[in-house]
Amino acid sequence: MPELDPATTALLTVECQNGVVGEESALPELAKEARDSGMLDRVAALVDAARGAGVQVLHAVAERRADGLGANANARLFRAAGKLPVRQLSGSRAVEVAAPIVVAERDLVVRRLHGLSPMAGTDLDPLLRNLGVRTLVVTGVSSNIAIPNTVFDAVNLGYRVVVPSDAITGVPAAYTAEVIRNALALVATITTTRELLDGWAGPR
């Protein structure tokens, strides 16, 4: 993998929030996979290492208003989300970034009230451009929907995208490897958490 310039690289965590991957998740199967696979721990390690290397960290959070105003209703997924026992309501614990990931003062949190992608129709792209970012490292959930959306949108906008294969997950667990092999590997650089940690721990 080519060396990543900290000045033009950002690390993004996608939907690593309590209501998605936490112990009180609306999606318990996904949350269990995120914890049991070690993915959450690896994302937390990447976040810490990125900061140490001078790489900007951003967290993408999905949420909705209590009245649902402005939220999508044009797909089965959105309609089902409104009926779940845990809802991703703005200001609630469900939309806080989940442990063991720590949000630092210099991190940027990008919240969205609609859609499937942290990139489309949010502040993420202009924030990255204002920061001078050209390479985006994408981590989090899920490999079923939000991660592919993020990767494809970022590539379409001209970013180079890096995906650590063991720092994303979805359900069933085997699906992630198929998405990486048959889709993400065609447009992004696929790496591992260890390779990124080693690169960010090197002399600067």
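## Basis

The model is predicted: local features need pLDDT of at least 70, side-chain atom pairs count only at pLDDT 80 or more, and totals for chains, interfaces and linings use all residues. Residues are numbered from 1 along each chain as its sequence is written, and side-chain values use heavy atoms, without hydrogens and water.

## Helix α7

Helix α7 spans residues 173-182, with Thr176, Val179 and Ile180 as its buried residues (buried: under 20% relative accessible area; exposed: over 50%; partly exposed: in between; 1.4 Å probe, protein chains only). Those buried residues fall within an arc of 95° seen down the axis, so they line one face of α7. The arc uses directions from the helix axis to the C-beta atoms. Helices (H or I, at least four residues) and strands (E, at least two) are DSSP runs, numbered from the N terminus.

The buried residues pack against α6 (146-156), β6 (168-169) and β7 (189-191). Contact here means heavy atoms within 4.5 Å.

Glu178 and Arg181 form a salt bridge at 2.3 Å, N to O. They sit three residues apart in α7, about one helical turn. Glu178 is partly exposed at 38%; Arg181 is partly exposed at 49%.

## Other salt bridges

The whole structure holds ten salt bridges (a side-chain nitrogen of Lys or Arg within 4 Å of a carboxyl oxygen of Asp or Glu). Asp166 pairs with Arg42, closest N and O atoms 3.8 Å apart. This pair links distant parts of the chain, 124 residues apart: Asp166 lies in the loop between β5 (160-164) and β6, Arg42 in helix α3 (residues 39-53).

Arg129 bridges to Asp125 at 2.9 Å between the closest N and O atoms. Both lie in helix α5 (residues 124-130), four residues apart. Arg129 is partly exposed at 37%, whereas Asp125 is buried at 14%.
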